[in-house]
Amino acid sequence: MRNRLSGRTAVKAAVVGAVLCLAAIPMAGQQVPADRMFPAYRAPRFPGTNTPDLNGIWESLSTANWDILTHEATPGPHPEIMGEYSAGPPGQGIVEGNGLPYRPEALEKKKRNFANRMTAVAPGPYEFVTGEMPPIGEPELKCWMPGIPRMIYMPFPFQIVQTPDFVLMTSEYNVSSRIVRMNWKDEAPIDSFMGWARGHWEGETLVVDVSGYNDQTWFDRAGDFHSDALHVVERYTALSPYHLQYEATIDDPKVFTRPWKMSFILYRRVEKNMQLMEFKCQPFVEEMLFGKYNKQPGR
Amino acid sequence: MSRRFLMSLGVLAVVSSLAVSVAGQAPAAAQKAPNTATKKAASAKTSNYTPPKTAWGDPNLQGVYNYATSTPMQRPRAAGDKEVLTDDEAAELQREKIATINTDITPRDQVGNYNDFWMDAKRKLLTEDKRTSLIVDPPNGRMPPPVPPTEAKKKEAAYLREMNARFIAGFMQDYRDGDVGNRCIIRRRNEGGGHPYLPSLYNNMAQIYQTPGYVVIYSEMIHFSRIIPLDSRPHLPQNVKTWLGDPRGHWEGNTLVVETTNFRGDDSMGHALGRTGVTWGGTDPETYTIVERWTAVAPGQLDYQVTMADPHTWTRPVTMLIPWNKTDEQIYEYACQETNYEIYHWLSSARAREAKGEVYDPVAADREANGGGGGQEER
């Protein structure tokens, strides 16, 4: 390379390079899209393969878990005792166009979901006694598995454990986990909370096709929801050693009139002692779910 | 070998995964560190076999494994010093297993019972080396003698016994009468869904993942992703207690060695734990130690050797050796908390009984649950 660059060519290359570098640095008052913020990046290869190595502990620094659309700060459910502790933070949304193409009846359901988000019935009482499904309340409130993509943008780190045949992703939130089966043919054997995930590499991008969901998880605390017809295609691309671009296409014809996209950045947690800690939330929700059936309620 | 021995071996296999509720808290003076306890136990194949390596040079143990077996945890007393069955004895026992295990062992009309659908068919198999017990140390194949229980420990045991009787009688007072498995927090440690990985009624499965710097052992119940760093970093500070433990691993030759610490003693809401706890065998989470070793001994076969010690519970450490066999089966999602109807039904039915005027009879309940008396059952 060096031999082929001589005289004016080398100068010209240097100037062009400098201009390109400048272009990659955000100017004051101007936010450069993340995929153009860094010089073109090629991640290290996973040992023994020609595919990128995406191993690591990652975290979204968004507030999408409260609302995937752009939102202002909100009071918590019990400001009279919880004060600022329960208030919801404001944040920029992660949805392309900042709107969701709900079918009219689905939009009504989203509003009902939000209104009933604090409903905390134990599983069983309604279904078995009345024969109808109750408003299920916010799944996270009850320490349920968060589903995909929600696990990826919850305010907890998650770890990618990459191997050539399987990619395991585990969140600090309740050790919630999903297994991505690489180049896998079989369809989902049964519906599940986290979906049936099959992955493959498209160049530098890990593409994960997720189907076989049940209808028991939400996208956020704002009541955004999906049906069992949900189909998600996720794309993970390294932008730098410390950043992944995450994109997902969400398709659910029972709930939305067309597919829509979300995207956000995942940040590598680089602290020397970084490890997933343990957030087992079951003990924190038992009193809410079951306390009223104790012999001495409130004990 | 007498038929009586074979029968008792069969019965023991069924209970081998149940709690060994030995109580005790007197600190034993000199207890050997578990990682120096016994290494001789590994099977003869260990030394000869060199497993394939990962691209970064670690022994490659990856795959989905099943660790079910009919070999009992403790050697039946009838077997005396016999460490290994003859081929004929093993064949006879195997035939008996196939005839007995793969049937519905509990009445179908009883709510909540498990039938044949749940049983792991691999439980019919003895370990390939035809041992009479999974325990390889102490050399008699039996649990080490317990240390004498303190007054506090006796009180706790009586409380747990009463709680268990109330539970079985259908008069659960409180969701905290449930154990960690009923409560969907973790799989009961006495049931083998994690360290120590002991054969159980069903779901004796784990998948091993390896990536540079980590080994991950994934158990389907309850979506337990056990992430084991291999970079010899220090453990979490002692004030941080966990349900699943804080594991650290390293390679000794072809053997993966994992030491796990930082176990909880309460339910993280400040309540004492229910009928079974976070550590195995009713041990004290503060003083319990566990060291596990996985060694590939043949293609698709690992020896899993686990050494546990607790000077507040046993007079010496105990080591078990359990084969892990690769399987083509897959790990799927296991939901628990999400559909935990049990706790609600147990509590609401108890309240309904009380409302109808039924009265809990502690003496009858204890007789039903514990056979009355008051002593621990001999196993």
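**Going through the model**

Modeller: Start with R198(A), which sits in strand β5 (residues 196-202) of chain A. Keep in mind that this is a predicted model.

Colleague: Is R198(A) buried or exposed?

Modeller: Buried. Its relative accessibility is 13%, and the cut-off for buried is under 20%.

Colleague: What does the side chain of R198(A) reach?

Modeller: The backbone oxygen of D186(A), at 3.1 Å.

Colleague: And which residues is R198(A) in contact with, leaving aside neighbours within four places in sequence?

Modeller: Among them are V180(A), R181(A), W184(A), K185(A), D186(A) and E187(A). The list also includes V207(A), V208(A), D209(A) and S211(A).

Colleague: OK, on to the interface. How many residues of each chain are in contact?

Modeller: On chain B, 53 residues, against 55 of chain A.

Colleague: Which three residues of chain B supply more of its buried area there than any other three?

Modeller: Q337(B), E338(B) and Y344(B). Together they give 15% of what chain B buries against chain A.

Colleague: What's the area buried between the two chains?

Modeller: About 4600 Å², with 59% of that from carbon and sulfur atoms.

Colleague: How many salt bridges between chain B and chain A?

Modeller: The count is 2. One of them pairs E354(B) with K295(A), where the closest N and O atoms are 3.3 Å apart.

Colleague: And how many residue pairs in polar contact across the interface?

Modeller: The rule finds 23, with both residues at pLDDT 80 or more.

Colleague: Which element gives the largest share of the chain B side?

Modeller: α4(B), with 8 residues. Other elements of chain B giving two or more residues include β3 (205-211), β4 (214-219), β5 (224-229) and β6 (246-252).

Colleague: How do the residues on that side divide?

Modeller: Into 26 nonpolar, 16 polar and 11 charged.

Colleague: Now chain B as a whole. How many helices and strands?

Modeller: There are 5 helices and 10 strands. Chain B has 379 residues, and 53% of them count as buried. It exposes about 16200 Å², 54% of it from carbon and sulfur atoms.

Colleague: Last one. What caps the N-terminal end of α5(B)?

Modeller: D361(B) does. A side-chain oxygen of D361(B) lies 3.0 Å from the backbone nitrogen of V363(B). The helix covers residues 362-370.

Colleague: What comes just after α5(B)?

Modeller: G371(B), with a positive phi of about 75 degrees.

Technical notes: Residues are numbered from 1 along each chain as its sequence is written. Chains are lettered from A and ligands numbered from 1 in the order in which they are written. This is a predicted model: local features need pLDDT of at least 70, side-chain atom pairs count only at pLDDT 80 or more; totals for chains, interfaces and linings use all residues. Side-chain values use heavy atoms; hydrogens and water are left out. Contact means heavy atoms within 4.5 Å. Buried area is the accessible area (1.4 Å probe) that two parts lose on being put together, summed over both. A salt bridge is a side-chain nitrogen of Lys or Arg within 4 Å of a carboxyl oxygen of Asp or Glu. A polar contact is a pair of N or O atoms within 3.5 Å; within protein, one must be able to donate a hydrogen and the other to accept it, and residues adjacent in sequence count only if both atoms are side-chain atoms. Helices (H or I, at least four residues) and strands (E, at least two) are DSSP runs, numbered from the N terminus. Ala, Val, Leu, Ile, Met, Phe, Trp, Tyr, Cys and Pro count as nonpolar, Asp, Glu, Lys and Arg as charged, and the others, Gly among them, as polar. Buried means under 20% relative accessible area, exposed over 50%, partly exposed in between (1.4 Å probe, protein chains only). Accessible areas come from the Shrake-Rupley method with a 1.4 Å probe; for residues, only the protein chains shown count as cover.
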